[in-house]
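This report describes one protein chain for a reader who is new to structural analysis. Please keep the sequence and the three-dimensional view at hand while reading.

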Amino acid sequence: MQTPETLMTLHPGVEVPEGLDLLVALSGHMDAGRVARQLREAVRDRLETTPVADVDLDAVYDYRARRPHVRFERDRYLDLQVPRIGVDLVKDLLGHPFLMLSGPEPDFRWHGFAAEVLELADRWRVNSFVLVDSVPMPVPHTRRVGVTAHGTRTDVLADLSTWSAEAEMMAGMLQLLETAAEEKGIPTAGYSLHVPHYIAEAKFPQAAVAAFEYAGAAMGLMLPTDELRDKARDVEAELERQTAGSEEIQAMVSGLERTFDQNVA
């Protein structure tokens, strides 16, 4: 019988306090508005992070489907950008610690990956899973960012959802982790941010700001949003410029606004 190889490698000498929350932000099959990537970049650039565990990328990642980028300069290749999937010990803006699992969603070994994440969560006695993702929705950029809240932590989820109808959809690693954590009795708080479908392929920092606000409230943390808010203002100005220059876009946005307002009412 074949014995599966361990997917996670722990960094020696790193002490992980017990009872922390685990923030999960994997760029999966949607990642509308590139929210997970923006969260990862903001944490890396603004907060103190210590790598705790790394996933064997060769075992779970399809390089041919999502090829790494590299820069060519005159006569050399430089800065090969190989992604990382891993867990970091992070301190928020006030120095309060939490754990963050981030990186691209694994292509292979989903159940093995989830099992090892849960094993680490049990080892560190993780307090709860806080999961953030984003989905393209027929909503206008001129209204507040909507959210679908899900999970077992009703204390931080009640009355937040702006859309919570029944639907059948494609599942990702976040859904697998959330359901697996709930089966293990680990509390979960999930936030799926709604990104206007017509800008789902571009960065939408407004949704990243909302994601940090929801996650920060769930974990009692102060997460970095200032630079994301500045970028959001720039994106909003560019969207307004493009909208003003096209009657077709104006008509589409107006229709989405009417539908949004009716649903909110």
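Asp 79 is partly exposed, with a relative accessible area of 48%. This residue belongs to strand β5. The model is predicted, and in it the phi angle of Asp 79 is near 55 degrees, a positive value in a residue that is not glycine. Most residues other than glycine have a negative phi.

Arg 74 also has a positive phi, of about 60 degrees, although it is not a glycine. Its place is the loop between β4 (69–73) and β5 (76–81). Is Arg 74 buried or exposed? Its relative accessibility is 80%, and the limit for an exposed residue is over 50%, so Arg 74 counts as exposed.

## Overall form

The protein chain contains eight helices and ten strands. Its C-alpha trace spans about 60 × 55 × 45 Å along the principal axes. For 265 residues, a compact globule would have a radius of gyration near 18 Å; the value for this chain is 19 Å, which agrees.

Of the 265 residues, 46% count as buried. The chain exposes about 14,800 Å², and carbon and sulfur atoms supply 49% of that area. Among contacts with a separation of 6 or more, 79% come from residues 24 or more positions apart.

Nonpolar side chains in soluble globular proteins tend to be buried together. In this model the largest nonpolar core has 40 residues, and the members that touch the most others are Leu 23, Leu 39, Phe 98, Tyr 191, Leu 193, Met 219 and Leu 223. Helix α6 (residues 205–219) gives the most to this core, with ten residues. Apart from it lies another core, of 36 residues, including Met 8, Ala 59, Ala 181 and Ile 186.

Which residues does Leu 23 contact when its neighbours within four places in sequence are left aside? They are Phe 98, Leu 99, Met 100, Leu 101, Val 130, Val 132, Ala 215 and Met 219.

## An aromatic pair

The structure holds three aromatic pairs. One of them joins Tyr 191 and Tyr 214, which are stacked, with 5.2 Å from centre to centre and 10 degrees between the planes. Tyr 191 lies in strand β10 and Tyr 214 in helix α6, so the pair ties together parts that are 23 residues apart in sequence. Both tyrosines, Tyr 191 and Tyr 214, are buried.

## Helix α5 and its surroundings

Helix α5 (residues 173–183) has buried residues at Met 173, Leu 174, Leu 176, Leu 177, Glu 178, Ala 180 and Ala 181. An α-helix has 3.6 residues a turn, so residues three or four places apart point the same way. The buried residues of α5 pack against β2, β7 (97–104), α3, β8, β9 and β10 (188–196).

Just after α5, Gly 185 takes a positive phi of about 85 degrees.

## Salt bridges

How many salt bridges does the structure hold? The number is 15. In one of them, Glu 18 pairs with Arg 125, and their closest N and O atoms are 3.9 Å apart. This pair links distant parts of the chain: Glu 18 is in the loop between β1 (8–10) and β2 (21–27), while Arg 125 is in the loop between α3 (110–123) and β8 (128–137), 107 residues apart. Glu 18 and Arg 125 are both exposed.

Another salt bridge joins Asp 261 and Arg 143, with the closest N and O atoms 2.9 Å apart. This pair also links distant parts of the chain, with Asp 261 in helix α8 (residues 247–264) and Arg 143 in the loop between β8 and β9 (147–151), 118 residues apart. Asp 261 is partly exposed, at 35% relative accessible area, and Arg 143, at 29%, also counts as partly exposed. A further salt bridge connects Arg 84 with Asp 88, where the closest N and O atoms are 3.1 Å apart. Arg 84 is partly exposed, with a relative accessible area of 34%, whereas Asp 88, at 11% relative accessibility, counts as buried. Arg 84 and Asp 88 are linked with Asp 54 in a network of salt bridges.

Terms used. Residues numbered from 1 in each chain as written. Predicted model: local features only at pLDDT ≥ 70, side-chain atom pairs only at ≥ 80, totals over all residues. Heavy atoms only, no water. Salt bridge = Lys/Arg side-chain N within 4 Å of Asp/Glu carboxyl O. Helix = DSSP H or I, 4+ residues; strand = E, 2+ residues; numbered from the N terminus. Buried < 20%, exposed > 50% of the residue type's maximum accessible area, 1.4 Å probe, protein only. Core = buried A, V, L, I, M, F, W, Y, C linked by side-chain atoms within 4.5 Å. Contact = heavy atoms within 4.5 Å. Rg over C-alpha atoms; globule rule 2.2 N^0.38 Å. Areas by Shrake-Rupley, 256 points an atom, 1.4 Å probe, with all protein chains shown as cover. Phe/Tyr/Trp six-rings, centres within 6.5 Å; stacked < 30°, edge-to-face > 60°.
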